[in-house]
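Dear colleague,

I am handing over the structure below for your attention. My findings follow it.

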Amino acid sequence: MLEVVRAREAQVMPWRNGGGVTREYFRAGGDDFDWRLSMAQIDVSGPFSSFPMVDRILVLLSGAVDLRIDGFNVSLAQPLELVRFAGEADVDATVVAAPSTDLNLMWQRDRFEVIVEVRHVAVGDVLATGGVGVGFVALGECSFDDGDLEPGDAWSFTEACTVLAGDATVVLFELSPSSAVGRSESTRLNSSHGY
């Protein structure tokens, strides 16, 4: 099954701390979500909202931002650089080049494990997942059975899907059931183009 959400269809939601808004593409599990994908614009420096028991991956789409996460400094200066951290971490953002736009995947850490990859896709590529796959078009265009996707569009899939046309750079997340239910995790940081 493949579900597409266009950029214009993403639901505008206020930040938990009232400091801005996010555009939500997917939310699984209701208010206390199992996982959610959203895109936010950071216009001014300030703290992030706290999400206990949730892990996050933030992917820079435009602009630049410096993050201080539980005392660690992480600079996201180039599009598609990313960082992974615990939702309850103490996070402050300093906008270096405004506006800073970022893609956020958040999930309950006792329910899912997540792999993220930034990759180029072209005609004939098959995207598969062992759980729930979630994709976001960062650059270019690509087509699946459900139509053409442009920058800012997202899709989710539970079965293999084939790129029918186009040439694009996409962010791909794979969510699989957690094998470590109830474990305690410290903040994990990784600033790279994929892992």
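P14 lies in strand β2, which covers residues 11-14. Please note that the model is a predicted one. With a relative accessible area of 62%, P14 is exposed, because the threshold for that term is over 50%. Leaving aside neighbours within four places in sequence, P14 is in contact with G20 and V21. P14 and G63 are 49 residues apart in sequence, and their C-alpha atoms are 21 Å apart in space.

The word applies because buried means under 20%. If neighbours within four places in sequence are left aside, the residues in contact with Q108 are F33, D34, M53 and V54.

Turning to the chain as a whole, the secondary structure consists of 16 strands and zero helices. The C-alpha atoms fill a box of roughly 45 × 40 × 30 Å along the principal axes. For 195 residues, a compact globule would have a radius of gyration near 16 Å, and the value for the protein chain, 16 Å, agrees with this. Buried residues make up 47% of the 195 residues. The protein chain exposes about 8,900 Å², of which carbon and sulfur atoms supply 50%. Among contacts with a separation of 6 or more, 70% are accounted for by residues 24 or more positions apart.

In soluble globular proteins, nonpolar side chains tend to be buried together. Here, the largest nonpolar core has 26 residues, and those that touch the most other members are Y25, W35, L37, V171 and F173. Several strands give two or more residues to this core: β3 (21-28), β4 (35-42), β6 (54-69), β9 (91-108), β10 (112-122), β12 (132-144) and β16 (165-177). The most comes from β10, with four residues. As for Y25, not counting residues up to four places away in sequence, this residue touches V5, R6, A7, A10, L37, S38, M39, F136, G152, D153 and A154.

The aromatic rings form the last topic. How many aromatic pairs does a search of the whole structure find? The search finds six. One of them joins F26 and W35 in a tilted arrangement, 6.1 Å centre to centre and with 45° between the planes. Both F26 and W35 are buried. Another tilted pair is formed by F144 and W155, with 5.0 Å between the centres and 40° between the planes. F144 lies in strand β12 and W155 in strand β14 (residues 154-157), so this pair ties together parts that are eleven residues apart in sequence. F144 is buried, with a relative accessible area of 4%, and W155 is likewise buried, at 0%. Together with F157, F144 and W155 form one aromatic cluster.

In brief, the predicted model has 16 strands and zero helices, and its largest nonpolar core comprises 26 residues.

With kind regards

Conventions. Residues numbered from 1 in each chain as written. Predicted model: local features only at pLDDT ≥ 70, side-chain atom pairs only at ≥ 80, totals over all residues. Heavy atoms only, no water. Core = buried A, V, L, I, M, F, W, Y, C linked by side-chain atoms within 4.5 Å. Buried < 20%, exposed > 50% of the residue type's maximum accessible area, 1.4 Å probe, protein only. Contact = heavy atoms within 4.5 Å. Phe/Tyr/Trp six-rings, centres within 6.5 Å; stacked < 30°, edge-to-face > 60°. Rg over C-alpha atoms; globule rule 2.2 N^0.38 Å. Areas by Shrake-Rupley, 256 points an atom, 1.4 Å probe, with all protein chains shown as cover.
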